[in-house]
Structures are given as C-alpha cells and as structure tokens.
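Subject: Handover of a protein structure

Dear colleague,

Please find the structure below, together with its sequence.

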Amino acid sequence: MATMSMAIRSSLLLLLFLSLTTLTVSLYEDQVGLVDWHQQYIGKVKDAVFHTQKSGRKRVVVYTEENVIASLDLRRGEIFWRHVLGSNDVVDGIGIAMGKYVVTLSSEGSILRAWNLPDGQMVWESFIDGSGASKSLLTVPTNLIVNKENVILVYGKGSLHAVSGIDGTPLWTKDFAAESLEVQHIIQPVGSDAIYVLGFVGSSQFDAYQVNPENGEILKHNSAALSGGYSGEAILASSDILVTLDSSRSKLVVISFQDGELNLQETSISDILGDSSGTPVLLSSKLPGMFSVKVNGGVILIRVTVEARLEVMDKINSVAAISDAIILNEGQKAFALVQHGDGKIHLTVKLSHDLSGNLLKETIVMEKQRGMVHKVFINSYIRTDRSNGFRALIVMEDHSLLLLQQGAIVWNREDGLASIVDVLTSELPVEKEGVSVAKVEENLFEWLKGHLLKLKGTLMLASADDVAAIQERRLKSSEKSKLTRDHNGFRKLIIVLTKAGKLFALHTGYGQVVWSLLLPNLRKSECEFATGLNIYQWQVPHHHAMDENPSILIVGRCGQGSDAPGVLSIVDAYTGTEVSSMGLTHSISQVIPLPFTDSTEQRLHLLIDGNQLAYLYPRTSEAIDIFRREFSNIYWYSVETNNGIIKGHVLKSNCIQKVIDNYCFESRDIWSIIFPTDSEKIITTVTRKPNEVVHTQAKVIAAEDDLMYKYVSKNLLFVATVAPKGSGAIGTATPEESWLTVYLIDTVTGRILHRMTHHGAQGPVHAVFSENWVVYHYFNLRAHRYEMSVIEIYDQSRADNKDVWKLILGKHNLTSPISSYSRPEVVTKSQSYFFTYSVKAIDVTLTAKGITSKQLLIGTIGDQVLALEKRFLDPRRSLNPSQAEKEEGIIPLTDSLPIIPQSYVTHALRVEGLRGIVTASAKLESTTLVFVYGVDLFFTQLAPSRTYDSLTDDFSYALLLITIVVLIAAIFVTWILSEKKELREKWR
C-alpha cells in the first residue's frame, strides 16, 4: 500500500507541475497579433505627386485631409513611409524639389519642411515669419537657380519668401501685407527670369508684381480695376494669362500680364455657353492654354487664344473630375477626365492641343458603395511598344483611394476609415445547425476548388496566385474570422460611421470589412453639406428570434449649421442594407435612447430639436402608447457650453402647430445651473455608460471592519469648468489666473452633490465616469506637470443596513424605492496624483457582469494606449497602509502614478492621430474588447484580472491527455505491483 500511495503522490505532483507550466500566462513578441490587429491609413487625398523615374521604386507622394504626408507604392498601394502632422499643423501644399526631396508647407504657411524621398526622414525644417494672416502658397520651380542654389518660393503670413532647397535657409523676404494684397498665384512664366505675384486688392482691383528672384526687389507693379468685381476664383490658363469670374458670375474676365503689362477682356457667359440657368464654377484643374467651367452638371472646356479670346473646345456631360495636365515624352501635354454612367466610370485621356481624339478610353466597373469620383491624378509610362500608357489615381466620394491601369483596379485603399466619427458594436448571427458542407462553401464547385488548391499547395505545385487564394481561404475559414457568434463572445461586428457618411462593419477577428454602405440619405441632391452624426442601436431581437436581424439607427444632418434638418437611416446590422430612411423637417440637437422597446424589440428614441421640442421615433401607435405610460418619468438635460448654462427638461404636452403631430411634444425647464461667464467656462461633461453593469453596490472596508454603499446613479453628470483665461493652450495663463472646478450634478433635480476646485490648474480635461467614481486628467500649472484625480461617491442614507439584526427583523430599507427627489446623504473621497503624459482620450474596461476589476485605458500623446489598474487611483491610499489595508489590496501612497512598459495595450505600435477608445464586453467575464481609432485602427482583447474563467489559447490539451493516461497507467501498474507484494508477504 505504501508503494501505491507513493506512486499516486508522485503522479499527482507530476500532474500539478504540468498544469502549472501549461497555465503560465505571459505575452512574448511573437504572440503580438494573435488577439489584436493594427491597420494603417492616411485619409482623403487632397493632392498627389508622382515619382516614377527609371531608377528606384515607383511611388506617389500624397497629403490628406487628416494632415498626413505619405509615400505609397504604386504597385500595391502600401505605405513606404508617412508622417502624421496633427490637427494643429495643417498641410497647405506639397512638391518635389531637386528630384530627391518632398517639400511640404504647413501651419498656415509658417513651417516649410523637406523630407528625404526614399525613406521619409526630415532633411531640414524652416520657420517662416510674417506680419499678417494670408493664404498659403508653395511653388517649387524646376529651373529657378539663384547663386547656384535651387530656390523654393513660399507665400505665407502676408510675405513672399525665397528659401534654399538644399538646406532651407531663407534667401530673402518681401512683405506684401501693407498692400492688402490677396495673393492667388506665384509663377515664373516660360522664358522669363522674373517671378510674378498675382492677386487682388478687395474685390475690384487686380495687381501684378514682377519680382527679382535674386533679391526680392519689385521690378514692376501694375494694377487694373475690375468693373464687375471679383468672385473669389482665379485660374491660370497659361503662364501669362489668368481667368476669373466677376462677382455676379455672369462674365468671364481674361487678364493678360505679358511683360508686366495688364490687359483685361470681359466676355459674357451667355455669349459662350448660351442660355444657361446654372451657376458657373471655375474648376481648379491646370490645363495648358485652357480652362474648364462646370455648369448644370456638365463641363465646358474653353481655350484662350494668344489674343486672349475665348473659344469653346468641347462640352462634356456627367464629368466627375478633371486632372491636371502632364507632359509626355514628345513634349505634348495630356489630361484625363472621368465620367459616370450605368454603375461604371469612364476614364478618358486627351491631348491638350487636340480634343478630337482620345489617347486612352477605358471603362471600369466600380462598386456602388464608393460613390462619385472626387479627384483624379494621372501619370504616364512607356509601354514595351514605345507608346504611352497611363495610370490614374482616383479619390472617391467615400474617401477611398484607387489606382486604375489597363482598364482594371490595380489596388484600392479604404482610407475613409481614417476619419471615424462614431462607433457601435453589434453581435454576429448565431451559427445554425444542420447546414450542409456544400451550402457552407456556397456551392459544390467552390468546395472542390478549395480542396484542389490545398492539394496543389501540399505537392508544392501552387503558383503565386494559388498561394494567395489559399491564404485568403484560410483567413475566411479560420475560427477568428467566422461570421457567426462564438461561445466566448470574442467575435463581434464593429460598426463605424465615417466623415464621408459611409458605414463599415469590421470583424473583430482580423479587422476585415464585412460590409459597407454609403448612406443614400446623405447623398441626395437636396441634401447639401450632409454629415453623419451618430449611430444608435435601433432593434436587437431576442436570441430565439433567429429570422430577425438587428438594426441600427444613423442620425445625420442636411446642412452645416445646427439648425439644419435631420435625416434618419435604419440599416440591417448583418447585411448592411438600408431598411428605411426619412428626411426630417426639424433639426436634431440631441438624441435620447429611451429604456423602452415595443413588441418587435425596436427601441424608442426621443429626438430633441433646437427649440427643445421632442419627437418620438418610431412613429407607431404601439410606441406612442408605451411612451404615454412613461410620460412623467422622462427627464433629460442640455448643456449650452458657450453660455455656461445646464438645464433640466421634462415633457409638457403635445406640440401646438398648424399640422397636428401626435409624436411631437413640448418641453419645459425644471431647473437650470448658470455658471458665471467671468469666472467659469464649461469644457467637459461626462456621464456613465448606459450599458455598464455594476456587480455589487456594496464595498467592504476590511481595514475598518465597515461596509460602504456605492452611490450608483445613471442620472449623475460630471462637469468640469475652468477660468476664462485658463481655457486656452497650456501656458497662456498664470497659476493665479487659472483654476479648475469640478461638479457632480443630479440631472433629474439639478442638485449639486459635490463640488471641488483645483487652484492653479488648467485644461484640457479628459474624464471617464464608471460605477460610483470619476477619474479626470488636467494640467497643474504650479507643479508644471499633468495630474489625474479620482472622486468616489458613497450613499450614507443606507448606512443603517449594516446592522444584521435589522436585516433579520425586516427593519431595513433595502427594498424602499430610490428617488432622485429624496435628498441624498452622500460622502465623497478624493485624491490626486501626478501623471507623466498628456492625454488624448480615456476610457474604462467593460465586462459582462462587472465582477472583473477595472482598468483605465489612457490614450497618450504618443498615440499609444496605456492600461492602468484602478487600484492605483484609490483615494484610500496612504503612506503607511495597515496590514489589513495591505491584505485588502491598498497600495502605499506615491505622488505619481506608475508607467509600466508592459502595460501598453498597443505594445510597440502607434495608433497615429488617436481620437477615441471604445470598450465592449465579451461573454467571458474576464475579458473586455478594446477598439482604438484615429488615422489608424487597433483592436485587442484584455483580461484585467487575467483569464481566470478560461484556459489560454496555447493550452496543451495533448499534454493534459498524456498526463491523464500516464496517471491511470501508473495507478494500474502500482496496483498490480502492490497486489503481488501482498501475495508474497502472505506466503511467507
């Protein structure tokens, strides 16, 4: 028996050792990317410059609306290098100097930089000074050399600057601010050594300055009066002719400035275009000896003769975009135009001097969800037969970027994802049982084709295309990318709305686009300057309703102002099809999702317009019946940031209008808080997430043998205000002039539950509200450091519930209803800590049941995300915690919060232009899903308290099975041996 027990103990120790080695949790470099993904984008392209010399890689250099400068591979569209300058450094122009430098002008013409073309390293940086604000222009002449130096011309801050292209040294400066000149163009005419500065003074005078390129002296100055005024558009038709429209847009004005002498000729639009009801617009395309006018959806190409006369060359309908002209090898110039028709785009390349023929005419089938072509850039190359071939880079309405060549789309980039405005997560459909293999693989042919590809790959007979197809099929068939739910809730849809008004559904597995939709409601001709605002859950059917798909509500606006009418679209979350849409007659200033649903699980929403009238959606009889039953329980608040006012509202009665609308309701104010504008300015307001789950309202204080109840209310609002002088950038106010005041306000009653002032503090303030605590980040002017503060709020009115006898005798008040109108007895605890970094965004982890400990997710100024445990921001931290407090998990107090390198969620990656962090819960309580967006996208899974409720993905089931088999075998062998030993002992 002793031998048997020893064997069992040995087997158990072996099992324990193997289990511990298997369950060890750590993240190594090669594990990055298993549960996360990172995607890089650049944004909507504003301008592009091709660089396709025979030596070196063929590339195109672009700058975008997201202030990104990037070099893209023309073969695959991949990013060679890029620089994200940020919202405070807007790019004004781009060019290539000396064949090796990318030159950029930014920050309203105040910063000029040169980047090395192959690798993107900054070569030099020059700061441009000036005496006034003006339009920013960058000109990179190809043959302007002064004192053996290539010259770059910059106009900014009201001055013209000549800068050395070699090292960025300023050569000379000429101030034009005193002349009140609005410069439009800086050119060097063909065959001339002088520089011409062209612009307008006011709206009735044109000025031309001839400048010496060597020292900036004005050689000649001429001006001419414009009798019909100036429309604000001016196009160079050639190196010495400029075309503009008068202020009424009824006349074309041709201005010739040969040898500095001005000559103006006016031509009526009707004489050229005939009777036209549309408003003419000059297009910015640079065409030699020509210009283009867009009117009534068509484009008219007009040539300017040597005598400055106008000749109509061609009229083309349905033109979406026209490119600048490029120079071909023979010295000829060509340009491209793009037309739409029948779901296709037609690309045509014409010679500038002969519009009768086409150098290229191609038709490309285009996805409907990409919309119209906004811009086109072309580049030529020499084919094997020595003829000219063309490639076209086009920018679509959805901000995507495509390269067209030989009638096909070579590559495309979904750069609209660089401008996300709102995010929502949605569940995937439940996997249905009993589906045949042929149905899963779409059809039998695809199924057989897949197995044939696998066989070719195994026998090493697969071509490059076959290998790519195999990889694509593996991606589609892997567990992570399945389009059905998993039992852990890791697979979800991330639905994002972009600035272009397009919806994307991204799969959490690898970030692939499941579906996309360019919202038709925001593209209607009567909806000008349409913008998408927010996404909301509209319908979430019960899990047993297998035939019903969830749907989402997209709220938009037809116009730029807050008083513009709203638009609504309801989209199927699984397929991306638009279920319904409607254009509203009222504006939308606020959307309130109500906690009520009808029999079809449609959530009721209250839309508030600029006049504080409330509109109920969906507009059904069932919805109005539910709404009227809860009429007296609906409260909301509004924040007037500019006026420093917060108001609370309730419903009053139906609207009194000419047309009776039973779904429209008037409101009345029940409270208001007015902050004195001379001492406080609202900069931040934050509330709790509506879908947050609180596991328990009680918090055990073991060190004090006490129990405290969290004050958990969805009606709490955190408000941060600063002194008016402290509302600017950091450093614009002294510590005595700036202070930060924070409030906790009940939005039902308007009662201020807590108020605290930080003297010598300044914004910006980033805050997150969870359960009964709020954490906020700001700048301490006295310490010259950033700080983070925490406030926890507890309910003292339930302090009597700690008595066990009262609980037994039924004298407690746990079941008594809680009302915001009953004066709360609250107590707060707070603490402040220094923090190393500036913050761009802050959020908190979210889990299914709220049991797992919280982590703060902090988006730093370095565009990375740091995970910081909430216990570091515990207001009960002290210098010398007691033994009981240590056992409770209280950390000794330090003046700064720790920055642990291993706590970076994004690892060594950067989410460039980081703007927001979104968290969602998985079904597994230990895990939260994190989505970070900016110019880049990043997704990962986090386990703040480790994966205590599941085995890791690399858990060795084979090793566990072997261990069990060895254990059973050892027990069986030792049992036989012990039996034999006992038998021998009995025979002695």
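What share of the residues of the protein count as buried? Of its 988 residues, 49% do, where buried means under 20% relative accessible area, exposed over 50%, and partly exposed in between (1.4 Å probe, protein chains only). This is a predicted model, in which local features need pLDDT of at least 70 and side-chain atom pairs count only at pLDDT 80 or more, while totals for chains, interfaces and linings use all residues. Residues are numbered from 1 along each chain as its sequence is written, and side-chain values use heavy atoms, with hydrogens and water left out.

The overall picture comes first. The protein has nine helices and 65 strands; helices (H or I, at least four residues) and strands (E, at least two) are DSSP runs, numbered from the N terminus. Among contacts with a separation of 6 or more, residues 24 or more positions apart account for 50%; contact means heavy atoms within 4.5 Å.

Next, the nonpolar cores. A nonpolar core is a set of buried Ala, Val, Leu, Ile, Met, Phe, Trp, Tyr and Cys residues joined through side-chain atoms within 4.5 Å. The largest has 35 residues, and those with the most contacts inside it are Val62, Leu393, Phe931 and Leu937. Apart from it lies another core, of 23 residues, including Ala334 and Ile394. Leaving out residues up to four places away in sequence, Phe931 touches Trp37, Ile420 and Leu937, among others.

Helix α6 covers residues 621-629, and its buried residues are Ala623, Ile624, Ile626 and Phe627. Seen down the helix axis, these residues fall within an arc of 160°, so they line one face of α6 (the arc is that of the directions from the helix axis to the C-beta atoms). An α-helix has 3.6 residues a turn, so residues three or four places apart point the same way. On the other side of α6, Ser621 and Arg629 are exposed. The strands against which the buried residues of α6 pack include β44 (590-597) and β49 (664-674).

Strand β49 also holds Ser667, which is buried at 18% relative accessible area. A polar atom of the Ser667 side chain lies 2.6 Å from the backbone oxygen of Gln612. Beyond its neighbours within four places in sequence, Ser667 is in contact with Gln612, Trp636, Val650, Leu651 and Lys652.

The structure holds one disulfide, a disulfide being a pair of cysteine sulfur atoms within 2.5 Å. Cys655 and Cys664 form it, with their sulfur atoms 1.9 Å apart. The link is left-handed, with -70° about the S-S bond. Cys655 is buried at 11% relative accessible area, and Cys664 is buried at 0%.

Finally, Gly416 lies in the loop between β35 (408-413) and β36 (420-427). Although in a loop, Gly416 counts as buried, at 0% relative accessibility. Gly416 and Lys44 are 372 residues apart in sequence, yet 6.6 Å apart in space, C-alpha to C-alpha. Not counting residues up to four places away, Gly416 touches Asp398, His399, Ser400 and Thr498.

Yours sincerely

Conventions
A polar contact is a pair of N or O atoms within 3.5 Å; within protein, one must be able to donate a hydrogen and the other to accept it, and residues adjacent in sequence count only if both atoms are side-chain atoms.
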